[in-house]
Every structure is written in structure tokens, then in C-alpha cells.
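Here is a short walk through one protein model. Have the coordinates open while you read.

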Amino acid sequence: MQFANQTSGNDFIILGLLDSAEANIPLFVVFLFIFLVTITGNVIILTVVTMDQSLQTPMYVLLSNLSFLEIWYTMTIVPKLLANLLMKSNNISFSGCITQLFFFVTFGATECYLLLVMAYDRYMAICKPLYYSSLMNPSTCLQLLSSSWVTGVLTGLIPALVISHLDFCDSRHVNHFFCDIPPLLQLSCGDIYLAEISIFILSFSVLLSCLLLTLVSYFFILVSILQIKSNSSRSRTFSTCGAHLAVVLIYYGTMIFMYVRPHSSYSNLNKFISVFYTVVTPGLNPIIYSLRNKEFKISVKKIAHRKLPSGFNRQTFLTQKNLSTIF
């Protein structure tokens, strides 16, 4: 990728989340905790799905891909954020800034596509159970996953190329905690009309189309849930789908607020809104999608049982009561 008119001396300076240095340490502790929870939860999901053959189904294969994505999505933003909270020097090179932007958009767009595929998978399983095994076979699942990742990479390339060819003024202070599109557009001293329009159209088409199709899938899922005769089963299924839908709405709502509008209206409030889709939702996904799932918890128990040293009294150690306090 070529970056025109940029030298290593023209580094950007990341201003961070807050102007006050006194809040840096408390923020560091909070974000570090969320970061560790996010990485640990997603690594657990990847490990369990990989080790347990009973979880080699489309639902859990999609979920493991989402966990893999969340790990790298978080690694793109949070380590640099944590470093900036502790160090006085918040410089980032131009190439490093564009690279961070590329991976952020790529992983963010891929997550939209994966959430859509996961919603379609649940729609087929709940609303079309007789056709599920034939339509959501391993080949179809692989094609959907490949399409999500390839399309995500192509989506990330567009804003990275557009931003890299802008002319930037003397000010190199990025009013954000990472290299995002709106604050970089604000720093440009050239005509950004075409850049802003192209990014707006891309954001509009990706976010709103994925959100609309995801909501349609969940609408039919909720209709099917309401037809369940058992009150307990209906309540449990509704609770699970409701939690999934809540995470989807938080993610899409904050993303749409940030990108499907004129970037000239960017303000400091946007930095706090960005925390939701860069830091919070990656930590919620493993909890909502897996750690509340009964089948997944059974697999965790089986793997833990196999991995215990032979000297342990497994029957006593792995009681349902003990495990229920963990999960």
C-alpha cells in the first residue's frame, strides 16, 4: 500500500480518551480488566470448540470464528490504548495509523457479516428445522465464513486507501484514542467531500443492510418462540435470543451513530461512544453467546474432567454444585 507525501517525521499524536492525566490510572485498570476478560473468554471458547467434537456444528464453528475475530479486533485497539494511558508519548507513525485503521475496519465489518450469518443459522435451526441439516452443511458454513472474511478485508481496504491519499495539515493531533475515520478526516486540509461521501455510502450499505437482515432473522425467530407451548422453554429461549439481540443492537447502534452521518459533526462525545464497540461488546460476546449456553458449559465440564491429574478425586472435585459457582 502506498502512502503519498508522508515521512517518518510526520507522526500522529493520539490525544486519548480524556484530557485529564489524573484519570489515566483508573481508566487503565478498568480497560485492562475488560481486556483480560475479553481475551480469556474468547480463548476459552476457541479451546473448547476445538477440543470437543460434539461442538463441531455450524453454530459453534461460527461462534469460534467470532471469538477468533474478537481477539484480534481487541488486540488492534486496546493494547495501544493501554500503552497511551501509561506513557507520555502517544506518537504513532502514519503507516502505523493507516494499518490500525485498516484492521479496525476489516474486523468491524467482518463482525457485522458474521453476526448476520449467525442470525441466519439460528433462523434456520429454529424456524426451518427440517431443512437445517441440508442447508447449513459444512460446505455451506465454510462458504459463508469465507465470504464474511474476504468481504471484510475488501471493506477495510476502501477507507484505508481513501484516508492514505488525503493531504494533512500541520496539526497531527488525533482527537481520539485510536486512528479512526472521523478524527482523521478532521485533520485533512484538502477537499474531503469525495472521501466523506464514499465512506458514508460504504458505512450505510454495510451497517444498515447487515442490521436489517439480522433483525428480520430475529423477528422470525421471536415469532417461532412465541409459538412454543411450554412456558419455561419459551421463557428460556426468549431470554437467550433477547440477550443476543441486545448485544447486536448495542454494537450496531453505536457504529451507525458514528459512521452513518456527516463526519464534520464529530465531537468528544464520540470517543466515549466508540468505547462500546471497541472495548465493551467484544467482552460481552463470549458471555452472552457461550458462557450462558448449557451445552457449552457441559463441554467445559467434560474437558476439565479429562484434564485433571489422576491423583484427584474427580467425582468429588467436579460436582455440579462446585461448577455452578464458576459458571
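## Helix α5 and its cap

Let's start at the N-terminal end of α5, which is capped by Asn 137: a side-chain oxygen of Asn 137 sits 3.1 Å from the backbone nitrogen of Ser 139. That counts as a polar contact, meaning a pair of N or O atoms within 3.5 Å where, within protein, one must be able to donate a hydrogen and the other to accept it, and residues adjacent in sequence count only if both atoms are side-chain atoms. Helices here are DSSP runs of H or I with at least four residues, strands are runs of E with at least two, and both are numbered from the N terminus.

A quick word on ground rules: this is a predicted model, where local features need pLDDT of at least 70 and side-chain atom pairs count only at pLDDT 80 or more, while totals for chains, interfaces and linings use all residues. Residues are numbered from 1 along each chain as its sequence is written, and side-chain values use heavy atoms, with hydrogens and water left out.

How far apart are the end C-alpha atoms of α5? They are 39 Å apart, which agrees with the 39 Å that the 27 residues of α5 (138-164) should span at 1.5 Å a residue; the expected span is 1.5 Å times one less than the number of residues. Buried residues of α5 include Cys 141, Trp 149, Gly 152, Gly 156 and Pro 159. Buried means under 20% relative accessible area, exposed means over 50%, and partly exposed is in between (1.4 Å probe, protein chains only). Among the elements covering those buried residues are α2 (58-86), α3 (94-127), α6 (181-187) and α7.

Ser 203 belongs to helix α7 (residues 193-226). Ser 203 counts as buried because its relative accessible area is 10%. Leaving aside residues up to four places away in sequence, Ser 203 touches Leu 208, Tyr 259 and Val 260, a contact being heavy atoms within 4.5 Å.

Phe 200 is also found in α7, but Phe 200 is partly exposed, at 30% relative accessible area. Together with Tyr 193, Leu 194, Ile 197, Ile 201 and Phe 204, Phe 200 makes a nonpolar surface patch of about 610 Å². Patches take residues with over 30% relative accessible area and no salt bridge, joining like charges within 9 Å and nonpolar side chains (Val, Leu, Ile, Met, Phe, Trp, Tyr) within 5 Å.

Ser 64 is in helix α2 and is buried, with a relative accessible area of 12%. Its C-alpha atom is 5.2 Å from that of Leu 46, 18 residues away along the chain. Besides Leu 46, Ser 64 touches Ile 45 and Val 49.

Met 51 lies in helix α1 (residues 24-51) and is partly exposed, at 31% relative accessibility.

## One salt bridge

How many salt bridges does a search of the whole structure find? The search finds 1, where a salt bridge is a side-chain nitrogen of Lys or Arg within 4 Å of a carboxyl oxygen of Asp or Glu. Asp 121 and Arg 122 form a salt bridge at 2.9 Å, N to O. Asp 121 is buried, at 1% relative accessibility, whereas Arg 122 is partly exposed, at 21%.

## The whole protein

The protein has 12 helices and 3 strands, and 47% of its 327 residues count as buried.

How values were computed. Areas by Shrake-Rupley, 256 points an atom, 1.4 Å probe, with all protein chains shown as cover.
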